[in-house]
Amino acid sequence: MTRNTRILMSIIYWAFVVYLFVPLVLMVLMGFKDSKFIGFPIKSWTLDWYIGVFRDTEVISVFVYSTTIAVASTAISLTVGTWISVLLAGRSFFGRTVIFGLTVLPAVIPGIISAISFRIFARLLGIETGMFAIIWAHAVHNVPFVALVVMARLATLPASHTEAAMDLGADRFVSFFRITLPYLKPALIGAGVFCMLLSFDDFVRSFFLGGYEPTLPVLIFSKLRSGMSPEINAIATVVLIMTAVLGIWAERSMRRMGKGT
Amino acid sequence: MPTTEDPIVHIDGISKSFGKTVALQRLDMKIRPGEFVTFLGPSGCGKSTTLRLLGGFAQPDSGRIVLGGEDVTRLPPNKRRVNMVFQDYALFPHMTVTRNITFGLELKRMTRDRIAARLDELLSFLELDAFRDRFPDQLSGGQRQRVALARALAPDPDLLLLDEPLGALDARLRAQVQLELKDIQRRTGKTFFFVTHDQDEALTMSDRIVVMNQGRVEQDGTPEDLYLRPKSRFVAEFIGETNLLSGPVRHADDGRVAIDWFGMQIEGRAFERTPRPGDMVTAALRLEKVGFFDARPETGNAVQGRVVNRVFKGSRTAVDVRVGDAGAAILKAYVDREVPDDVWLGWDPANLAVLQD
Amino acid sequence: MSTSSRSETAADTSRRPASGRGDSPTFWGRLSNAGPYRAVTDYVFGSTRRQFVLLAAFPIFWILFAHLGPILQMIRVSFLDSYPPSVGHTPHFTLDNWRTFFTEVIFLRPFFRTLVFSVVLTFATLVLVYPVAYFLSRHVKRDNQMLLLLLLLIPFWVGEIVRTYAIMILLGNTGAVNLILKALGLIEQPIAFMYTNFSLSFGIVYLTSLYMLMPLYSALEKIPQSFSEAAADLGAGPWTRFRRVILPLSLEGISSGCTLVFLISTGLYATPILLGGPSTTLFSETIAGFFHVAGDEWPTGAAFSTIMLLTALVLSGTFMKLMGALQKGGRK
């Protein structure tokens, strides 16, 4: 590859970075605008909108609500996804490929259709729209990601490790909790944080399955429908920072642990 | 009460197949307490299958495994008083040396005090004291091997299985560890069941070697037996370097067998069944048992020949000598001095082992 | 293990466990030898068949119930004349909901617009992202790759709504783009980017580009550097090297990246509402419409969803098959 193409390629990369970041940076800046009207130029600056976010009890309770949903659905996804992975990684059985296909199904169904089907199914089961319906939908949607990550990790666990545990007197249960699970830890942290982010950011399922209480994306959406305002920028910025910090932390801890084992 | 003469392990006619591949065919074997038994053979010979059956990681299709008087054929690994040193050591990467070694002890409902005492004993026995808080990836290959050994010895098993545990070590370290391992076995008095495809390892360490081939036992005996008195062509070729001499039997009498080898009259020993005159037999002769003489030696077998090839091997030279009518055969030999091209070769008839196949 | 545990006191404790606990077994020892636990595990692990059934029962139930159930129920409802069930009326089987789709042009238009939109945008995303993935995987040192990838992941973690909003601010009449164009003297009046095909496309590409990047990157990263060096050694120029070596070997990444982006684009709901206008209605908005009004519109919505799902899955399935065949053909 010649020098020129190399330079051209790096320009394309950095242009892409700019493309991804500029809209977000502008959005963050707009949250400091000392005016009710969104738009450039920004003539004077203020912190009021950000302070407002932390004073707004509605925003805070919605935030807690969203977090609860994210944590609960992630816990379910991790448990189910790991369980499925252990089943699929074990000895082969009739219908294993079908089970695998159905495991990843929720990941390939377009968002709106997934949301609609859950809405209909929840109605059939008599589940009220609201927190439980959302947790359930998020959990189902996130299971494929957990299963894929955990299965990939499980495939690298030498069979001799669990055999050694059993050899030393552990039954399969003890061997799973003392050997397999610690080995999966980096994968579980990575998948778990990814699930939290997916749940926290999800709009379409939360929108169709939500009751009267909105999740954070739904709140932003409904505020947006009644007009743009720097207040929304401030809320969105807080969300942005939180997700970015969580994501970076997960990446780093995953990589560090990946090296250790 | 079992006496020391009772076998600690009794493998009673076990067979095992994987699909159409037969891994073991009616294997019978008794192992005495304190023995260092090595299963030796090429890959796929059934030695690892035997090991896994003893460990409980697989079940035989038929037959029984009796361990210390108890039938354990269907017991899972965690219910057997057998521990294993794995080929890759299988040290738990998220646990320190200490935690690895105490893993098995904790599951035995031992008190923390007794676990700690046993740990200290093992750490000092295997000279691992300095590494107790290290993780496996902070240890060298030899140290890992010792940790794996300590972990397997910790629960005080009746039988210790070792699955080619020296394969991962470099050649120089391996020689040293072989001696250490033999020493550890002697000092603990444990029964070792060692599996390898490396004949040097087997010869160095074992009290008894079982040579396996295609799911069957080829020969079962002491290292000396196997080396000097192989029963089959397979054993003779698998262990060490050997000359195979074939020819019709002239006459045979109580183990003394006279063979016509390309017109040369040689004598060998049959250690089991003595062949009848007229039978075609093959006999094995170790390279280093062939002596070089300037004139015809007075006793033993003697053939005359001409050196056709020399390969320098450091402390000795491998020599190919063309012998027999019109130079019909080649005898290989080791020599540690200069020899002229025209030589006499001779050997003790006791070193020419007539094979059974 | 933290560093402090290697201090003297910690080492002492590891040698002699804390007094008072020394005469008791550890947790796992107590558990493994507790009567009820042993009874249960002996039963469960007593037969491999029983063990398998217990392991498999819950996952299979979950998958059939939670993964497949909603879809099957949606398909069922699409054949009913009314849903949710109302008092005094039993739902009947009907094909009317499906018929509606094929007879009313106002529904066909958003449907095909969605498909065309998704296909075109998927291709645009591929063209935009491929050089980035190529650069990252083949021109950056391994240690830095992770760092540069992380940089791209940060915006990716920020959700659909927040990023859509960011695009609104960028493209609005008083947005950054118009401000710059005005400052450069290129325009007098702001250009109405928003609520057009342009703003919608821009937003969708912005949202989905990372889903394209990841599969492409991992496919490209797997190709050894020596392959293109060998090709160069045999006299292949840069373009030939790319076309004959790199491109065929990255087909798998292209295939899964495109499928992923296509499926995501067809399923977006908030973005078309916020960035699109009346002339850019997508099918997801049409579907959602049936669920926001009172009355017996759910079955129609279910039918439309099913049609969308089948179309999307058949299209992407065919596409992946074709790419697979292309890959195999190239190998011959």
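The following legends describe close-up views of a predicted model. Residues are numbered from 1 along each chain as its sequence is written, while chains are lettered from A and ligands numbered from 1 in the order in which they are written. Local features need a pLDDT of at least 70 and side-chain atom pairs count only at pLDDT 80 or more, whereas totals for chains, interfaces and linings use all residues.

**View 1. Confidence in the model and in chain C.** The model scores ipTM 0.89 and pTM 0.87. Among the elements of chain C, the lowest mean pLDDT, 42, belongs to helix 1 (residues 8-15), and the highest, 93, to helix 13 (residues 251-267). Helices (H or I, at least four residues) and strands (E, at least two) are DSSP runs, numbered from the N terminus. Residues 1-18 of chain C have a pLDDT below 50, and this stretch has 13 contacts in the model beyond near neighbours in sequence.

**View 2. The contact between chain A and chain C.** Chain A gives 70 residues to this contact and chain C gives 70 residues; two residues are in contact if their C-beta atoms, placed from the backbone, lie within 7 Å. On the side of chain A that touches chain C, helix 1 of chain A supplies the largest share, 15 residues. By class, this side of chain A has 52 nonpolar, nine polar and nine charged residues. Here Ala, Val, Leu, Ile, Met, Phe, Trp, Tyr, Cys and Pro count as nonpolar, Asp, Glu, Lys and Arg as charged, and the others, Gly among them, as polar.

**View 3. Tyr165(C) and the largest nonpolar core.** Leaving aside residues up to four places away in sequence, Tyr165(C) touches Met27(A), Ile220(A), Leu224(A), Ile232(A) and Ala236(A). The largest nonpolar core has 250 residues, and those with the most contacts inside it include Tyr165(C) and Ile220(A). Such a core is a set of buried Ala, Val, Leu, Ile, Met, Phe, Trp, Tyr and Cys residues joined through C-beta atoms within 7 Å.

**View 4. The contact between chain B and chain C.** In this view, 13 residues of chain B are in contact with 18 residues of chain C. Helix 2 (97-106) and helix 3 (112-125) of chain B each give two or more residues to the side of chain B that touches chain C. The largest share of that side, three residues, comes from helix 3 of chain B. Its residues divide into four nonpolar, three polar and six charged.

**View 5. Strand 6 of chain B.** Val82(B) and Met84(B) point one way from strand 6 (residues 82-85) of chain B, Asn83(B) and Val85(B) point the other way, and all are buried. A residue is buried if 20 or more other C-beta atoms lie within 10 Å of its own, exposed if 12 or fewer, and partly exposed in between, with C-beta atoms placed from the backbone. In a regular strand the side chains alternate between the two faces of the sheet. Strand 6 runs parallel to strand 7 (residues 159-163) of chain B, and four bridges join them. Met84(B) stands opposite Leu161(B) in strand 7 of chain B.

**View 6. The loop that holds Gly278(B).** Gly278(B) is in the loop between strand 13 (264-269) and strand 14 (280-286) of chain B. Gly278(B) counts as exposed because it has 10 C-beta neighbours inside 10 Å. Not counting residues up to four places away in sequence, Gly278(B) touches Pro248(B) and Val249(B).

Key. Pairing = 2+ DSSP bridges. pLDDT = per-residue confidence, 0-100.
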